[in-house]
Amino acid sequence: TAMLVVVCKEQVSADALLTLKTCLKDPQGLSDALDSKAIGVMVAALGHSEQSILQHALKNITFLTNPDNAKKEAIEAGAVGPVVKLLQHTEWPVRAAAASALGSISVDVEGKRQAFDAGAAQSLIALLRDKNLPVVLLSVRALALLAEFKRQVLSTPQEGVYRSVFDKALPQLRLLTNSQDRVLAKSARDCESLITWRP
């Protein structure tokens, strides 16, 4: 695993990233990759222009940031900005992978704050209308995690900003609650509840 991380750092390729992803599914492989600073290598790969490299680097970030301390490491490595930017990529597999990676990083409170400040909520709301079901589902889930940021901004001047952004998601979320895809419908209901929740 450590050797694969070095290969990805020195000459990133879709094949190397895909092979690394296989290693990350194993607990020992994940641990070895984190010890080898794979998160920083994956964040650097987000500057690449090739779709398959972006897609696999984002998927690897999702796997790598499963442990809580790894979420913090990804945030410190500057992952949030590039991941948010890739929510607007022209290719839907990259958008889906970016929504998934953002969802993983945004479990952390600082990840939520940085993502919100970087405009992630607006991008995710736009993706609620995407033609590709995986993009919509992963965007709903990531948006729900960002919606939890409300607890940090209640009774602060930022609460009004929060509401003005998230309230724009409600009409589309209400439509999605009627989706024939039961997982999407439930996720949309859960997200709507988080946005409309008041103490």
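A salt bridge is a side-chain nitrogen of Lys or Arg within 4 Å of a carboxyl oxygen of Asp or Glu. Keep that rule in mind for this tour of a predicted model, where local features need pLDDT of at least 70, side-chain atom pairs count only at pLDDT 80 or more, and totals for chains, interfaces and linings use all residues. Residues are numbered from 1 along each chain as its sequence is written, and side-chain values use heavy atoms, with hydrogens and water left out.

**Stop 1: a pair across the chain**

By the salt-bridge rule, the count comes to seven salt bridges. Select Asp130 and Arg95 to see one of them: their side chains meet with 2.9 Å from N to O. This pair links distant parts of the chain, 35 residues apart: Asp130 is in the loop between α10 (120-127) and α11, while Arg95 is in helix α8 (residues 92-105). Helices here are DSSP runs (H or I, at least four residues), numbered from the N terminus. Are Asp130 and Arg95 buried or exposed? Both are buried. Buried means under 20% relative accessible area, exposed means over 50%, and partly exposed is in between (1.4 Å probe, protein chains only).

**Stop 2**

Next, select Glu110, Arg113 and Asp117, which are linked in a network of salt bridges. Why can such side chains pair? Side chains of opposite charge can do so when their charged atoms come close. Now turn to Arg113 and Asp117, where the closest N and O atoms are 2.8 Å apart. These two are four residues apart in α9, again about one turn of the helix. Arg113 counts as partly exposed because its relative accessibility is 34%. Glu110, at 31%, is partly exposed, and so is Asp117, at 47%.

**Stop 3: inside α11**

Move to Ser139 in helix α11. With a relative accessible area of 0%, Ser139 is buried. Which residues does Ser139 touch, not counting residues up to four places away in sequence? Show Ala99, Leu124 and Leu127 to see them; contact means heavy atoms within 4.5 Å.

**Stop 4: helix α15**

Now select residues 182-196, which form helix α15. Its 15 residues, at 1.5 Å a residue, should span 21 Å, and the end C-alpha atoms are 21 Å apart, so the two agree. The expected span is 1.5 Å times one less than the number of residues. Color Leu184, Ala185, Ser187, Ala188, Cys191, Glu192 and Ile195, which are buried. They cover an arc of only 165 degrees around the axis, so they sit on the same side of α15; the arc is that of the directions from the helix axis to the C-beta atoms. The buried residues of α15 pack against α11 (133-147), α12 (150-153), α13 (158-166) and α14 (170-176).

Stay in α15 and pick Thr196, which is partly exposed, with a relative accessible area of 36%. Thr196 touches Lys150, Leu170 and Arg174, not counting residues up to four places away in sequence.
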